[in-house]
Amino acid sequence: MKNKWLTGAMAGVLSICLLTGCGASGETAGESVNQAGQSGASSVSAVSAEAEQTSAESDSVLTAELAEDGLAASEYVQLPEYKGMKLTKKAEKVTDENVDSYINDLVPSREVTDPKQEAKNGDTVQVTYVGKMDGKAFQGGSTTANTLTLGTGKFSDDTPVFAKGLDDEVIGMKVGESKETELTVAEGFSNAALVGKTMKVRLTLSAIDGAAEGAAAKKGDTVSIVYVGSIDDKAVDGCVTPGTPLTLGSKTYIEGFEEGLVGVVLGETRDLNLKFPEDYGSSDLAGKECVFTVTVTGISSKEEVTDAWVKEQTGGQLDTVKAYKASIREKLEQEAEENALETVRSEAWAQIRSGSVFVKLPADVVETGASAYDTDLNNAAASAGVAAEEYLASMGISTEQFAAMKEEYGRNYAASKVLLNALAEAEGVDEKSEEYPEEMKKLCEQYGMEEKDMIETYGEETVKQYLLTQIVMNRVLAQAEITEEK
C-alpha cells in the first residue's frame with residue numbers, strides 16, 4: 001500500500017502536503033490548478049485558502065525576511081519544543097460487515113435473465129419508482145422517467161415509441177397509477193426480429209406536466225412514464241426505462257425500501273408502504289407516511305463465495321472461506337493501523353508547523369515555489385485553450401489576487417522545506433542516517449520500482465526530501481506521547 005501521507009511528494013511537489021498537514025490527500029498545487037480547469041471549481045482558491053489557514057497559525061511565514069540560501073537552519077526558523085508532544089492515535093475497528101463488503105466487491109456479478117429468480121440481499125437491482133404522499137407524487141420522490149406527449153407516438157427526444165399504441169394506453173391514467181397491458185412491437189424498432197411480436201408492457205405514470213391534482217392524462221398532455229417491456233417474461237433491451245442501481249442490504253434508502261424488494265423478480269412492480277424517519281433531512285418529509293411504487297428493471301447477482309471460489313481467487317494459497325475472511329480481516333486491520341499512523345504523522349507535523357516562528361526564508365526557494373504555481377496555471381490554461389488571464393477571470397480571480405496567492409504559496413513552499421531541514425538538523429538526520437537505506441527499500445517496494453528508476457522518474461532531490469521526511473517524522477513520533485484511542 002502506498003503511503004498516503006506523502007504520495008503527493010512523489011508527484012513532484014513535496015511542500016503542499018507538509019504546509020497544509022493534509023497528507024492523506026496528496027494534492028499538489030499543480031493538481032489543484034488542473035482540477036480547477038477540469039471541474040470549473042476554483043481549486044486555485046482552495047489551495048490559497050489552505051495556505052491562508054496555515055499562515056493564520058503562523059503569520060511569520062508572510063512576514064519573514066527573504067534571505068540568501070545556505071544559512072544554518074536555526075537562522076531561518078525557531079522550532080517549538082516538540083519532544084514529548086501529546087498525540088492521539090485511533091485505528092478504525094474492522095467489522096464483519098467491512099470484511100464481507102470487501103469480498104463482495106471482488107466477486108463478479110452476472111445479469112439475471114430467469115424471470116423466476118428472486119432478488120436477495122447483496123444483489124444489485126435496477127429500480128424505477130414513483131413516491132406518493134396522500135396519493136400525490138412529491139418532488140424528489142421519483143426516478144428519472146421518459147417523457148412523451150400523448151398522441152404523438154414519440155418520446156421527447158423525438159424517438160418513436162417502441163410499441164404501437166403505447167401513448168394511447170397512458171391516456172386516462174393518474175399520477176402514481178400502474179397498469180400492465182399487451183402491445184405490438186412497432187415498425188422501426190432497433191431489433192427488427194421483434195417487430196410485430198406481442199409484448200407485455202408494465203407502465204407507471206410518474207408525472208403530468210401542469211395537470212391539477214388527481215387529474216387523468218389526456219391526449220396532448222406531456223407525461224413522464226416508467227415502463228418495462230418484456231417478451232416471454234424477459235425484459236427487452238430498448239423497452240426498459242433506465243433504472244437506478246440499488247444493492248439490497250446496503251441501507252442506502254429509508255428503512256423498509258430495500259427490505260421490501262427482497263424476493264422481487266425481473267419486471268415486477270411493488271407498492272411499498274413506508275414512513276420517512278423523524279430525523280430525515282427534509283422537514284417536509286420527516287415522519288411522513290408514503291407509498292413507493294417500485295418497478296425492478298434489472299437484477300444482477302453475485303456469485304456465491306465458496307471454498308472453490310476462494311481457492312481460485314488466491315491461486316491455491318487458501319482453500320476455505322473461513323481462512324480467506326481471516327486473511328482479509330488481517331489486511332484491513334493492517335491498513336487501518338497504517339491510516340491511523342498517517343493521521344498521527346499529519347497531526348504531529350501540524351503541531352510543529354503551527355508552533356514554529358519563521359525568521360527568514362530563502363528567496364530562491366520562495367521563487368521556485370511561486371514559479372511552479374505560475375507554471376501550473378499556464379499549463380491548465382493551455383489545456384483549456386485560453387490565456388491565463390482569461391482562465392483566472394472565469395473563476396473570478398484577478399491577476400492581482402493570483403499574484404498574491406502565488407507569493408503566499410511560494411513562501412509556504414519555502415517554509416515547509418526550511419522546517420524539514422531544521423528538524424533534520426535537530427534530529428541529526430541526513431543521507432548517511434542508518435534508516436535511510438531501509439526507507440529507500442520500503443519506498444521502492446511501495447511503488448514497485450528499482451531505486452535508479454525511482455530517482456530517474458521523480459528526481460533525486462524529491463526522493464531525498466521524501467525519505468528524510470519519513471525518517472525525521474519517525475523519530476519525532478518515537479519521542480511523542482501517543483495515546484491509543486479505542
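Helices α10 and α12 are oblique to each other. The angle between them is about 130°, and their axes lie 7 Å apart. In handedness, the crossing of α10 past α12 is right-handed. These descriptions, like the rest of this account, refer to a predicted model.

The residues that form this packing can be listed from both sides. Helix α10 spans residues 363–384, and α12 covers residues 399–427. From α10, the residues V365, V366, T368, G369, A370, Y373, D374 and L377 take part, and they meet F402, M405, K406, Y409, G410, R411, Y413, A414 and K417 of α12.

One of the α10 residues in this set, A370, may be followed in detail. Leaving aside residues up to four places away in sequence, A370 touches K406 and G410. Both of these partners are among the α12 residues in the helix pairing.

E434 is placed in the loop that joins α12 to α13, the latter comprising residues 436–447. Its relative accessibility of 72% means that E434 counts as exposed, since the threshold for that class is over 50%. The C-alpha atoms of E434 and I471 are 9.7 Å apart, with a sequence separation of 37 residues.

Cysteines provide a further point of interest. C290 is buried, with a relative accessible area of 4%, and C444 is likewise buried, at 10%. A disulfide is a covalent bond between the sulfur atoms of two cysteines. The number of disulfides counted in the model is 0, where the criterion is a pair of cysteine sulfur atoms within 2.5 Å.

The wider chain gives the setting for these details. It contains 15 helices and 17 strands, and 42% of its 486 residues count as buried. Among contacts in the chain with a separation of 6 or more, 69% involve residues 24 or more positions apart. The accessible surface of the chain amounts to about 24400 Å², and carbon and sulfur atoms account for 46% of that area.

Definitions and conventions: Residues are numbered from 1 along each chain as its sequence is written. This is a predicted model: local features need pLDDT of at least 70, side-chain atom pairs count only at pLDDT 80 or more; totals for chains, interfaces and linings use all residues. Side-chain values use heavy atoms; hydrogens and water are left out. Helices (H or I, at least four residues) and strands (E, at least two) are DSSP runs, numbered from the N terminus. Contact means heavy atoms within 4.5 Å. Buried means under 20% relative accessible area, exposed over 50%, partly exposed in between (1.4 Å probe, protein chains only). Accessible areas come from the Shrake-Rupley method with a 1.4 Å probe; for residues, only the protein chains shown count as cover. Axes are lines fitted to C-alpha atoms, for helices over the stretch in contact, and angles run from 0 to 180 degrees between N-to-C directions. Angles under 35 degrees count as roughly parallel, over 145 as roughly antiparallel, 65 to 115 as roughly perpendicular and the rest as oblique. A crossing is left-handed if the near helix is turned anticlockwise from the far one by less than a right angle, and right-handed if clockwise.
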